[in-house]
Every structure is written in C-alpha cells, then in structure tokens.
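Good morning. Please have the picture open.

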Amino acid sequence: MTSSQILGSHFITPNAIAMPASKIKMLAPNEGLKLQSGPGRDLLFKVTGDDTGGAFDYFIVDVAPLGGPPLHVHHKQEEAIHILKGRLKVRVGDEIFYCEEGGFVMMPSQVPHTFLNLTPEVAKVIVVYTPGGGHRFYEELGPLTRNGKPDPKEVAALFTKYDMTLLGPPLSHD
C-alpha cells in the first residue's frame, strides 16, 4: 500500500479523514469569484460560505495604493488578514500595527478595525472571514462603489444589512 490511495469517491491519506470528492475545490491562480469593494479594490474569492457550509470565506484582495476600507466592525464575523505583498497600517480597536509582507493580524468580531496600504503599489492580502457568507456583502457593495463616491447612507445601510457597522473613514497615511 502506498502513502495515499484513491478509494471510491474519497482520497485517503495516512492519518486523514476521508472527504467526499464533491467537497474538494481546486482553482488555478486567477480562478474564483471575482468581486469589487470599490475602485482599485478587487477581490478574488477562492471559497465562499456557500462552498464551506457557512464555515468560512477565503479570498484575496488587491488593495489600491494608499487605499483601504473605512473603519468598521463585524458583529458576527471574525476576520484574519495575511499580507502577501505590500506594507499595511492596521488598526484593531485602539491599537495600530505595521505589517510587512508575511505579516498576519486576527481581528475578532465586535472590535472596530481597518487597514491602509502604505505603498504606492497595489498590495495583496489574503482575508478569511468566519463564519462565511461575506461575498454577498461585496456582491452588493461593488455596484454601489464602482463609479466613484457612493451615497454614504446606502453604504451604511448595506453594512447594517450584513451585521456590520460603518464607524468612520479609512486610516490616514500619517
């Protein structure tokens, strides 16, 4: 017997639990659900809550030079970010962190947070939300923000719809 084998519709490895093949998702580097959270903020969802039974979302964000989201809080979701490219200023609660490539920040639910790309180039960040389902928010936010400055009341209402609260502007560079 080899270290792994195919058994029916399951792939078995030593010390692993068999997973039904229907739960496996394999994507090429640029494949996935492509959404936007605003100009210069492209998102590539590799998996959504729909794929994971609501457990989590995993996506890659292109953060515009000197850009980032407004200060906000998730009431029901935890958020983690892992910086692939760029340098970010991150606020979690009242604390400020500076994260280089490879840096990681866990942002618990109920804690206000935001981040800012400090570089003149697009930053790349992996984001994980748990529980999943955050892609639905971005499916609605993208069209609101795509053509410039959206109506702040519409954006705030959308945050509320998805159990978040918009608290303030993005971080400043200084």
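Let us begin with helix H1, which gives four residues to the lining of the largest pocket, the largest share of that lining. Before I go on, note that this is a predicted model.

So what else lines the largest pocket? Besides H1, the elements that give two or more residues to the lining are E6, strand E7 (71-74), E13 and H2. In total the lining has 30 residues, and those nearest the centre of the pocket are Ser37, Arg41, Pro69, Pro70 and Thr145. How do the residues of the lining divide into nonpolar, polar and charged? There are 19 nonpolar residues, seven polar and four charged. The space in this pocket is about 620 Å³.

Next, the core. Nonpolar side chains tend to be buried together in soluble globular proteins. In this model, the largest nonpolar core has 26 residues. Phe59, Ile81, Leu88, Val90 and Tyr138 have the most contacts inside that core. Several elements give two or more residues to the core, among them strand E5 (42-47), strand E8 (78-85), strand E9 (88-92) and both H1 (135-145) and H2 (152-161). E13 gives four residues, the largest share of this core.

Let us look at two single residues. Which residues is Val90 in contact with, leaving aside its neighbours within four places in sequence? The list includes Ile81, Phe97, Cys99, Met107, Phe115 and Leu171.

Gly32 is 28 residues from Ile60 in sequence, and the C-alpha atoms of the two are 9.8 Å apart in space.

Last, the whole chain. The secondary structure comes to two helices and 14 strands. Of the contacts with a separation of 6 or more, 62% are between residues 24 or more positions apart. The chain has 174 residues, and 38% of them count as buried. The accessible surface is about 9,900 Å², with 59% of that belonging to carbon and sulfur atoms.

That is the end of my part. Thank you.

Conventions. Residues are numbered from 1 along each chain as its sequence is written. This is a predicted model: local features need pLDDT of at least 70, side-chain atom pairs count only at pLDDT 80 or more; totals for chains, interfaces and linings use all residues. Side-chain values use heavy atoms; hydrogens and water are left out. A nonpolar core is a set of buried Ala, Val, Leu, Ile, Met, Phe, Trp, Tyr and Cys residues joined through side-chain atoms within 4.5 Å. Buried means under 20% relative accessible area, exposed over 50%, partly exposed in between (1.4 Å probe, protein chains only). Contact means heavy atoms within 4.5 Å. On a 1 Å grid over the protein atoms alone, a cavity is a set of points where a 1.4 Å probe fits but cannot get out, and a pocket is an open set with protein on both sides within 12 Å along at least five of seven lines; lining residues have an atom within 4 Å of a point. Grid points are joined across faces, edges and corners, and a volume is the space filled by probe spheres set on the points. Ala, Val, Leu, Ile, Met, Phe, Trp, Tyr, Cys and Pro count as nonpolar, Asp, Glu, Lys and Arg as charged, and the others, Gly among them, as polar. Accessible areas come from the Shrake-Rupley method with a 1.4 Å probe; for residues, only the protein chains shown count as cover.
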